[in-house]
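Keep the structure open beside you as you read.

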Amino acid sequence: MLLTISTTLRPATDLGFLLHKHPDRVQEFEQSSGMARVFYPEAGEDRCTAALLLEIDPVRLARSRGSSSPDFSLGQYVNDRPYAASSLLASALADVFRTARTGRCASRQDLADGPIPLEIGLPALPCRGGADLAHRLFGPLGWEVGAEAVPLDPGFPEWGESRYVRLALRGNVRLADALNHLYVLLPVLDDAKHYWLAGDEVDKLVRAGEGWLAGHPDKGLITRRYLGRRWALTRAAFARLAELGDDVEESLDPPVEEEPAAEAVSDDKLADEPGDNLSDKPGGKPEDQPGDKPGDKPGDGAGEERVPLNTLRREAVVAVLREVGARTVLDLGCGSGQLLSALLADPAFAKVAGMDVSARALAMADRRLRTDRMPDAKRARLELFQGSLTYTDARLAGYDAAVLMEVVEHVDPPRLPALERVVFGMARPAHVIVTTPNVEHNVRYELLAGARRHPDHRFEWNRAEFARWVAGVCETYGYAADVRPVGEDDPEVGPPTQMAVFSRREERS
């Protein structure tokens, strides 16, 4: 199977820098399915073409026969895999052009950051849905699509068309984006994957779809097909896409394995494996939902730039901290450090601390914040430490404000009183900010079908339940509280996120 990538950028041989493959050499890459080779059929100043040729070893495929394999006896040998672009080619592309897909190119970074004229050719592509589907999937991404259906037999046109197309794409597209489009959409067009679907498939999809998948008009179809129509994986992917914002790379580290299920962590901040642990940017907007701003009804604000819900939450929390005049802030369940980063960017916060039960999450935060390159004065304002929200800890005391952003819903209800005692009874900051999903708003996310927004949520409160919990905490521990919406406050079902701003009564004016 063959893929060609051409450019007319001058000098066109800069394509070699962007792909990290020299035009004067043939390079080989061993694959589980065979051998991938990269070579350049043409490499001139005016035009340069890189070709990826994947030669399939049918014996290897036979030895890796899976449950989705053809059920006739020679199915592993009589098939189109050596000839037609499929998930096998997508996997080879991901391996061979791994660095190019990230958009990194030290010698030509300015070129890697912007669109360049590209032509992509795939002479044989399985397309379950015909040429029209290829137009639907690639057209919204800025490509001029040429998809020609391949007849079953040119000598017998009355037999009709096969399920294969010859695909030609042209456009001014960033090379990293083009490679990620292909990586995701090749198996989607084939509607098949020829390898085991593991839990990290959601991470792969969200990483490759950064910047384009969440806004694609056919994101539901793409997600379902890419994940093999597995509902558990698809639902997790919809949740991730619903609030997809920036810093995607940091959010897709491997799952935090050592984290006890009963501990409190933040679903705004940790990486997840579907059905387990937590996501950096979960949520609940599936295929036909409005954009990244939950609360909008279908059809509202079409074409507008939507702010991801996780960004709205972070901005709302920082605004409240400024409002109450907090100088020292403790982020409880800090995860990979998104809120910490926002707080450190504001010199008004003299001390910023992050606590998490997961050592891995703290390592992610340390990397996100680049503490090794942080100026000394800024580094002196930051503290990271491991701890549990359900055990008394003297390190939690002495802060002006504490934040529990998308944390409480991950705690088993019987353990909530322990969290309340630790935060409101022992640490007793002047102010506590709590955000949590509003389960009533989930009906705006049609494909959730009444389910929770994330598999790790132990519960999700409606507005009345949250208000009762807030009132109980205030009565027990001597606080007063304001409950506020985060995101658009839907007149029927309320906001997607609800926030309580607690203030110790002796501190409240």
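Start with Phe156, which sits in the loop between strand E6 (144–151) and strand E7 (161–173). Helices here are DSSP runs of H or I with at least four residues, strands are runs of E with at least two, and both are numbered from the N terminus. Phe156 has a relative accessible area of 37%, so it goes down as partly exposed. The scale is simple: buried means under 20% relative accessible area, exposed means over 50%, and partly exposed is in between, with a 1.4 Å probe and protein chains only. Together with Leu152 and Trp159, Phe156 makes a nonpolar surface patch of about 340 Å². Patches take residues with over 30% relative accessible area and no salt bridge; like charges are joined within 9 Å, and nonpolar side chains (Val, Leu, Ile, Met, Phe, Trp, Tyr) within 5 Å.

Before going further, a word on where this comes from. It's a predicted model, in which local features need pLDDT of at least 70 and side-chain atom pairs count only at pLDDT 80 or more, while totals for chains, interfaces and linings use all residues. Residues are numbered from 1 along each chain as its sequence is written, and side-chain values use heavy atoms, with hydrogens and water left out.

Now zoom out. The protein has 509 residues, and 56% of them count as buried. Its secondary structure comes to 17 helices and 16 strands. The accessible surface is about 20,900 Å², with 50% of that belonging to carbon and sulfur atoms; accessible areas come from the Shrake-Rupley method with a 1.4 Å probe, and for residues only the protein chains shown count as cover. As for contacts (heavy atoms within 4.5 Å), take those with a separation of 6 or more: 71% of them are between residues 24 or more positions apart.

Next, look at Arg101 in helix H4 (residues 98–102). Is this arginine buried or exposed? Arg101 counts as buried, because its relative accessibility is 16%. What does its side chain pair with? The side chain of Arg101 makes a polar contact with the side chain of Asn180, at 2.8 Å. A polar contact is a pair of N or O atoms within 3.5 Å; within protein, one must be able to donate a hydrogen and the other to accept it, and residues adjacent in sequence count only if both atoms are side-chain atoms. Setting aside residues up to four places away in sequence, Arg101 also touches others, including Leu93, Ala176, Tyr183 and Ala208.

Over to the charged pairs. The count comes to 21 salt bridges, each a side-chain nitrogen of Lys or Arg within 4 Å of a carboxyl oxygen of Asp or Glu. One of them joins Asp46 to Arg10, whose closest N and O atoms are 1.9 Å apart. Asp46 is in the loop between strand E3 (34–43) and strand E4 (48–56), while Arg10 is in the loop between strand E1 (2–7) and helix H1 (15–19), so the pair ties together parts 36 residues apart in sequence. Arg10 is exposed at 57% relative accessible area, and Asp46 is partly exposed at 49%.

Lys351 and Glu383 form another salt bridge, with closest N and O atoms 3.9 Å apart. This pair also links distant parts of the chain: Lys351 is in strand E11 (residues 351–356) and Glu383 in strand E12 (residues 382–386), 32 residues apart. Both are partly exposed, Lys351 with a relative accessible area of 36% and Glu383 at 29%. Elsewhere, Glu28, Arg37 and Glu55 are linked in a network of salt bridges.

One more stop: Ala326, in the loop between helix H12 (309–323) and strand E10 (328–332). At 5% relative accessibility, Ala326 counts as buried. Beyond its neighbours within four places in sequence, Ala326 is in contact with Leu321, Ala348, Phe349, Asp400 and Ala401. Ala348 is 22 residues from Ala326 along the chain, and their C-alpha atoms are separated by 8.4 Å.

Finally, the cysteines. A search of the whole structure for disulfides (cysteine sulfur atoms paired within 2.5 Å) finds zero. Cys105 is buried at 2% relative accessible area, and Cys334 is buried at 0%.
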